[in-house]
Amino acid sequence: MARLLRTGAFAALLASTGCSGGDVADLPTLCSTTDIEQSLTTQLSATTTDTDFSLLLSRSDGREYVFERGDSHANSQYESASTSKWVSAVVILRLVQQGYLSLDDHPQDYITDWPITDSGNSLYGITLRELLSFTSGLEVEPTCLDIKLANFSNCVNTIASSNMDKGVAHGSRFYYASTHLQVAGQMAIIAAGKNNWGEVFAEFQSETGLFAHGTYDLPSASNPRLAGGMHWQGDEYLAFIQAFAAGDLLNSSLMAEILKDQLSGKTIQFSPVTSSLNEEWHYGFGLWHECESVTFNCTAGQRVSSPGAYGAYPFWDRQYAYSGILARQGALGTYPKGIDLVRSVQADIERWAKCSH
């Protein structure tokens, strides 16, 4: 006859499997990764959805889980919307790492015809740090950002001229907009001695082997929106997050910066998370620091993400040591649906991440 483990011994055994937590009575059996994956598949197959999707997960020991529904597959191409912000920020930060740029650099250090030339202007002192954290004060988005035939560099100067007389002080407040990364991208192009963003990204692809099929082509390849103009595959985006989480893309100093709360002490002037989820998330460089609360009372960098307007949702959960992406392309403005879908199976994902059997 099998011996029954005493409560204390049973709890210790559960802890050794990575499945401990809560009352022992709530966990009568040892966890099974396979069973959890079957549960995830059952739930995701039955969930109501406005569009097909794929969910790709990866945990710290290298195990992956992939669920594909309908016409969505791990290698399907999707429009990025704001999921490109994370990628663009890392591409630019690698140029900082390589010595081409500094976080304290100003647009006028590289852009010779930068319109803001008066040192008394409230935007004169904009830094790359502020551009990457969306606190630069460049809040008005000119229409050239969405015009295929617009000239990229001219549009960057239009961003400056459209904002220079608004009275907003650089570095004072957070405003979620496409303007910041566009200016940072122009600084990167010039600093790296490239002709356009496509060449900057091609070098990143060559150096890292990531996003082999990825492109910045919206609204066009000659005038891409760095904050929302990619096409990517879900499996390739997951590989990007894995490399990022492993520390393969940025050194420890820059990882500390991107995982730092860059909004500490600053006003949040506009955040789509506040208006859609009624939660206060903070920001690093090109990615959100999540917090399921009406005020930011969470640990900065514990769970970071970069959801897009069509509902795609890439994330890295450092508390439970897993990463993933929900790849989908619903209607514009349906980004909360992607977050809600992942949260609907969050408990099982966390069990899956902890379970070693």
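A disulfide here is a pair of cysteine sulfur atoms within 2.5 Å, and the structure holds three of them. The model is a predicted one, in which local features need pLDDT of at least 70 and side-chain atom pairs count only at pLDDT 80 or more, while totals for chains, interfaces and linings use all residues. Residues are numbered from 1 along each chain as its sequence is written, and side-chain values use heavy atoms, with hydrogens and water left out.

**The disulfides**

Begin by selecting C31 and C355, whose sulfur atoms are joined in a disulfide with an S to S distance of 2.2 Å. This pair links distant parts of the chain, since C31 sits in the loop between helix 1 (7-17) and helix 2 (33-46) and C355 in the segment after helix 12 (346-354), 324 residues apart. Helices (H or I, at least four residues) and strands (E, at least two) are DSSP runs, numbered from the N terminus. The torsion about the S-S bond of C31 and C355 is about 95 degrees, so this disulfide is right-handed. C31 counts as buried at 12% relative accessibility, and C355 counts as buried at 2%, where buried means under 20% relative accessible area, exposed over 50%, and partly exposed in between (1.4 Å probe, protein chains only).

Next select C144 and C155, which form a disulfide with an S to S distance of 2.1 Å. C144 lies in the loop between helix 4 (128-132) and helix 5 (152-163) and C155 in helix 5, so the pair ties together parts that are 11 residues apart in sequence. Both C144 and C155 are buried.

Then move to C291 and C298, joined by a disulfide at 2.1 Å, S to S. The torsion about their S-S bond is about 75 degrees, so the disulfide of C291 and C298 is right-handed. C291 counts as buried at 1% relative accessibility, whereas C298 counts as partly exposed at 29%.

**The cavity**

Now show V91, R94, L95, Q98, A192, K194, V200, E203, F204 and E207, which line the largest cavity. On a 1 Å grid over the protein atoms alone, a cavity is a set of points where a 1.4 Å probe fits but cannot get out, and lining residues have an atom within 4 Å of a point. About 70 Å³ of space lies in this cavity, a volume being the space filled by probe spheres set on the grid points, which are joined across faces, edges and corners. Helix 3 (84-97) and helix 7 (197-208) are the elements that give two or more residues to the lining, and helix 7 supplies the largest share, four residues.

**The salt bridges**

Where are salt bridges to be found, and how many does a search of the whole structure find? The search finds 13, each being a side-chain nitrogen of Lys or Arg within 4 Å of a carboxyl oxygen of Asp or Glu.

Select R59 and D61, whose side chains meet in a salt bridge at 2.9 Å, N to O; R59 is buried, with a relative accessible area of 7%, whereas D61 is exposed, at 53%. Go on to R129 and E257, which form a salt bridge with their closest N and O atoms 2.8 Å apart. That pair links distant parts of the chain, R129 in helix 4 and E257 in helix 9 (residues 252-258), 128 residues apart.

Finish with R303 and E290, whose side chains meet in a salt bridge at 3.2 Å, N to O, and both of which are buried.

How values were computed: 1 Å grid on protein atoms, 1.4 Å probe; cavity = no way out; pocket = protein on both sides within 12 Å on 5 of 7 lines; lining within 4 Å.
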